[in-house]
Amino acid sequence: MIAELVAEIGPLWHERHQTVLTSRPRRRAVGAGAKYKLVFVDRLLATLVHLRHATTHDVLACWFGVDRSTITRAIGEVRTLLAERGCTVAPDIRLRTLAEVIDHLGASGQTGIIDGTEVRVRRPAVGRKDREKFISGKNKQNAVKSMVVTDAEGRLLFCSPAEPASCADITHARKLGLVELLADGPAVEILADAGYQGLGAQTGGRVVAPPHRKLKKNPPEWYEEMHERQRKATPHAASGSSTASATSRTGDLSPATTAAAST
């Protein structure tokens, strides 16, 4: 297939390249000066890898040992020739904001999964006012946190801007406006872990999180009643959340997960 594309598109690319060289006045002959480091075959391969795997231009530049601008120019030239041949990328839905993700889940009837993820960063410089806010209470390291939204199959739909890691998961979700979007938007079910306990009551039950743990030592009566009410209201939601998370990570249920879900 690659050989066919080279034989078919190579002459077209060379012809266009020569036309550009001869279309303007020149001070020296055509072909003088530095030679291309990225030959046409490499340009074609870089374009195909970019279209197939959405590889960034910076990564391709490192792979082929050239500057990023060379990759950008090569993809712009070869992609046009591929489109004329019929090799195009089919248009799909682009979700740029959290509101668009919620509308997409509501329109498609899919279940969403939210979770927070931390990325370790260098310790902020001395004298920065919010330096201590980057310390994660969970991992005891300097990090930033993002909220990720996927569908039930684990496809990434949204990744929020980073916040200092000391920000709680539920606080981050509130800052992003998730409560308002779910309360006023379409009927969407969002599975979450224990870090989002409390969002269910604020969103009309659209965020499903496992119930609070039951106190074992002298719990008050109101706590017993609340725990029993939550347990009866969301017995399947907690197992559904863990089952969906296991499915999205592994693509199948482990024996332990299957046994827990059946129980």
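Colleague: In which crossing, left-handed or right-handed, does α1 pass α4?
Modeller: This is a predicted model. In it, the axes of helix α1 (residues 2-22) and helix α4 (residues 68-85) come within 10 Å. As α1 passes α4, the crossing is right-handed.

Colleague: Are α1 and α4 roughly parallel, roughly perpendicular or oblique to each other?
Modeller: The axes of α1 and α4 cross at roughly 125 degrees. Roughly perpendicular covers 65 to 115 degrees and roughly antiparallel begins over 145. The relation of α1 to α4 is therefore oblique.

Colleague: Which residues of α4 meet α1?
Modeller: From α1, the contact involves Leu5, Glu8, Ile9, Leu12, Trp13 and Arg16. By class, the contact of α1 with α4 has six nonpolar, one polar and five charged residues. On the α4 side, the residues are Glu77, Thr80, Leu81, Leu82, Glu84 and Arg85.

Colleague: How far apart are the closest N and O atoms in the salt bridge of Arg85 with Glu8?
Modeller: Arg85 lies in helix α4 and Glu8 in helix α1, so this pair ties together parts that are 77 residues apart in sequence. Arg85 counts as partly exposed at 32% relative accessibility, and Glu8 also counts as partly exposed, at 42%. Between Arg85 and Glu8, the closest N and O atoms are separated by 2.9 Å.

Colleague: What is the angle at which α2 and α4 pack?
Modeller: The axes of α2 and α4 are 9 Å apart. The orientation of α2 is roughly perpendicular to α4, a class that spans 65 to 115 degrees. The packing angle of α2 and α4 is about 80 degrees.

Colleague: How many nonpolar residues does the contact of α2 with α4 have?
Modeller: Helix α2 contributes Phe40, Arg43, Leu44, Ala46, Thr47, Leu48, His50 and Leu51. Helix α4 contributes Ile71, Ala74, Ile75, Glu77, Val78, Arg79 and Leu82. Besides two polar and three charged residues, the nonpolar count in this contact is 10.

Colleague: Which residue forms a salt bridge with Arg43?
Modeller: Arg43 is buried, with a relative accessible area of 1%. Arg43 lies in helix α2 and the partner in helix α4, so the pair ties together parts that are 34 residues apart in sequence. With the closest N and O atoms 3.6 Å apart, the partner of Arg43 is Glu77.

Colleague: Is Thr47 buried or exposed?
Modeller: Thr47 lies in helix α2 (residues 40-53). Not counting residues up to four places away in sequence, Thr47 touches Ala74, Ile75, Val78, Arg79 and Leu82. Its relative accessible area is 0%, and buried means under 20%, so Thr47 is buried.

Colleague: What separates the C-alpha atoms of Ile71 and Ala46?
Modeller: Ile71 is found in helix α4 and counts as buried at 0% relative accessibility. Not counting residues up to four places away in sequence, Ile71 touches Leu38, Ala46, His57, Leu60, Ala61, Phe64 and Val66. Ile71 and Ala46 are 25 residues apart along the chain, and their C-alpha atoms are separated by 7.4 Å.

Colleague: What separates the C-alpha atoms of Thr47 and His57?
Modeller: Thr47 is located in helix α2. Along the chain, Thr47 and His57 are 10 residues apart, and the separation of their C-alpha atoms is 9.7 Å.

Colleague: What is the N to O value for the salt bridge of Lys145 and Glu118?
Modeller: Lys145 lies in strand β2 (residues 143-151) and Glu118 in strand β1 (residues 112-120), so the pair ties together parts that are 27 residues apart in sequence. Lys145 is buried, with a relative accessible area of 8%, whereas Glu118 counts as partly exposed at 24%. A salt bridge requires the nitrogen to be within 4 Å of the carboxyl oxygen. For Lys145 and Glu118, the N to O value is 3.9 Å.

Colleague: Which residue is linked with Glu118 and Lys145 in a network of salt bridges?
Modeller: The side chains of Lys145 and Glu118 themselves meet in a salt bridge. The residue linked with Glu118 and Lys145 in the network is Asp169.

Colleague: How many salt bridges does the count come to?
Modeller: Among them are the pairs Arg85 with Glu8 and Arg43 with Glu77. With a cut-off of 4 Å, the count of salt bridges comes to 10.

Terms used: Residues numbered from 1 in each chain as written. Predicted model: local features only at pLDDT ≥ 70, side-chain atom pairs only at ≥ 80, totals over all residues. Heavy atoms only, no water. Helix = DSSP H or I, 4+ residues; strand = E, 2+ residues; numbered from the N terminus. Buried < 20%, exposed > 50% of the residue type's maximum accessible area, 1.4 Å probe, protein only. Contact = heavy atoms within 4.5 Å. Axes fitted to C-alpha atoms, helices over the stretch in contact; angles between N-to-C directions. Parallel < 35°, antiparallel > 145°, perpendicular 65-115°, else oblique. Left-handed = near helix turned anticlockwise from the far one by under 90°. Nonpolar A, V, L, I, M, F, W, Y, C, P; charged D, E, K, R; others polar.
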